[in-house]
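How do helices and strands pack together in a protein model? Look at the structure below, then read on.

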Amino acid sequence: MLNSSIQHITLSIGEKCELVFLNESDMDWHIVQEADSFLRVHILFLSENDVTAQWQSKLFVEQNGANCRTEIYAMGLLHDTQQAHLLTRVYHNIGGGYSSQILKFVLNDQTKGSFRGELKILPNAQQTEAHQTNRNILLSRQADMLTEPQLEIYADDVKASHGATTGQLDESALFYMQQRCISHDTAAKLLLEAFFNEVISTLSDEQQEQIRETIHRIL
Amino acid sequence: MLEIKNLHASIAGKEILKGLNLTINEGEVHAIMGPNGAGKSTLSNVLTGHPAYTVTEGEIIFRGKNLLEMTPEVRAREGIFLSFQYPVEIPGVSIVNFMRTAVNEKRQHEGKEPLKATDFLKLMREKKALVGMDNKLTNRSVNEGFSGGEKKRNEIFQMAMLEPCLSILDETDSGLDIDALRIVAEGVNALKTPKTASIVITHYQRLLDYIVPDFVHVLANGKIVRTGGKELALELEANGYAFLNN
């Protein structure tokens with residue numbers, strides 16, 4: 001779909017909202033949070049059969065009232081020639097808010113991924129707490145991940161952290177598991193499932209089961 | 001059970017083992033001592049098939065089979081167990097899931113059916129009791145946030161679960177206080193049978209007060225340079241390795 005239009009929603013005071021986007025190819029959402037609202041978003045890229053999928057996702061969240069909470073979880077398990085490109089933009093316009101972002105990608109074969117995370121804490125947003133973690137595992141030399149965390153902090157009384165790493169599966173853990181009779185492939189699967197657990201465990205039980213089954217089929 | 005002949009092994013092009021010979025029979029406990037850098041940990045890594053090490057010469061026969069042709073997991077399933085000097089933390093993988101996978105992969109290798117969930121849990125309970133492993137630990141991720149002593153006890157627990165023929169204890173005493181050392185040693189002794197054998201790699205004599213060896217070998221410069229009975233460990237404790245320089 002070309003020229004997809006932006007979806008706008010506003011969470012009113014104290015409203016709670018949970019959204020799950022599974023394999024949305026052209027999502028572009030702008031969500032405004034008023035005071036005391038709670039937003040949890042899951043963005044998931046994992047398709048067993050659509051081996052040439054190209055996903056583009058944009059999520060823009062603005063905290064416009066005090067004491068908002070925003071949680072963003074994203075994961076991608078890419079294979080063949082799939083591509084996933086994710087942009088998150090979280091603006092703390094008013095203080096006392098909390099946001100956390102956990103974004104995890106595993107890239108195999110000739111896949112490409114990118115994550116750009118714009119986190120802004122504006123001058124009026126004192127006593128904000130904001131965290132962003134992006135972890136990526138490359139399973140193939142031909143896979144490529146670009147990660148660009150961008151923090152802009154204009155208030156002085158805030159707690160903020162970000163971290164981005166891209167690496168391979170932990171060789172020492174793989175060998176340890178092999179020494180315990182577990183084949184290299186099974187060991188890798190256990191490690192990858194564990195890697196995604198932080199994202200998956202925040203879904204409903206039913207969704208967790210569905211996602212875990214899909215992961216199993218892909219691995 | 002194990003026969004190592006003229007073993008040469010290197011890591012990153014540097015030769016560490018330079019013609020090591022060692023024969024181990026069922027029921028025996030062999031201690032391997034020696035100065036830092038002698039090749040003690042290289043020996044355990046080569047026996048278990050660590051990919052960073054290359055065997056350049058010699059052979060290892062384990063229960064009549066060529067060990068060097070086997071992948072690390074096949075060696076483990078054939079009955080070689082290494083209690084790691086530094087057990088690895090695996091966040092997100094529970095001990096229960098880890099052990100169920102390990103036990104069942106070993107059973108499959110032996111042509112046995114996977115254990116039923118109830119039988120597996122019963123086995124866990126039995127082995128936890130044997131090595132004094134706390135329930136609180138087995139509900140956690142593998143080694144994550146464990147103290148040094150808890151990690152070593154978890155190694156012995158896994159050894160009890162997998163019932164190896166040959167267990168290699170690599171510096172199992174490092175980082176343990178005397179009470180933890182005694183408990184770990186008791187676990188090892190409880191698992192000993194006339195059909196099993198152990199290699200105990202250690203810097204210090206004190207572990208050998210609890211796990212009494214039949215043979216003590218001194219490894220230096222990639223070879224075994226001296227072999228004796230348990231009294232050799234006491235002599236080394238008293239006099240050190242100065243004799244190596246003569």
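## Terms and model

A crossing is left-handed if the near helix is turned anticlockwise from the far one by less than a right angle, and right-handed if clockwise. Helices (H or I, at least four residues) and strands (E, at least two) are DSSP runs, numbered from the N terminus.

This is a predicted model: local features need pLDDT of at least 70, side-chain atom pairs count only at pLDDT 80 or more, and totals for chains, interfaces and linings use all residues. Side-chain values use heavy atoms, without hydrogens and water.

## A helix pair in chain B

Start with α3(B), residues 95-109, and α6(B), residues 148-162. They pack at an angle of about 35 degrees, and their axes lie 10 Å apart. Axes are lines fitted to C-alpha atoms, for helices over the stretch in contact, and angles run from 0 to 180 degrees between N-to-C directions. The crossing of α3(B) and α6(B) is right-handed.

Which residues of α6(B) meet α3(B)? They are B:Asn154, B:Phe157, B:Gln158, B:Met161 and B:Leu162. On the α3(B) side, the residues include B:Ile95, B:Phe98 and B:Lys106. The contact (heavy atoms within 4.5 Å) has 8 nonpolar, 2 polar and 1 charged residues. Ala, Val, Leu, Ile, Met, Phe, Trp, Tyr, Cys and Pro count as nonpolar, Asp, Glu, Lys and Arg as charged, and the others, Gly among them, as polar.

## A helix pair in chain A

Now take α2(A), residues 184-200, and α3(A), residues 205-218. Their packing angle is about 155 degrees, with axes 12 Å apart. That angle makes α2(A) roughly antiparallel to α3(A) (angles over 145 degrees count as such). The crossing of α2(A) and α3(A) is right-handed.

From α2(A), A:Glu193, A:Phe196, A:Asn197 and A:Ile200 take part. Their partners in α3(A) include A:Ile211, A:Arg212 and A:Ile215. The residues of this contact divide into 4 nonpolar, 3 polar and 2 charged.

## The sheet in chain A

Chain A has an open sheet of 6 strands, with parallel pairing (at least two DSSP bridges between two strands). The order is β2-β4-β6-β8-β10-β12. Strands β2 (16-22) and β12 (159-167) of chain A are the edges, and each pairs on one side only. The twist averages 5 degrees from one strand to the next.

How many bridges join β4(A) to β6(A)? There are 8, and the two strands run parallel. One partner of A:Ile43 is in β6(A): A:Ala74.

## Helices on the sheet

Helix α2(A) packs on the sheet and touches β4, β6, β8 and β10 of chain A. Its direction makes about 155 degrees with that of β8(A). Helix α3(A) also packs on the sheet, touching β2, β4 and β6 of chain A. The direction of α3(A) makes about 25 degrees with that of β6(A).

Terms used:
Residues are numbered from 1 along each chain as its sequence is written. Chains are lettered from A and ligands numbered from 1 in the order in which they are written. Angles under 35 degrees count as roughly parallel, over 145 as roughly antiparallel, 65 to 115 as roughly perpendicular and the rest as oblique.
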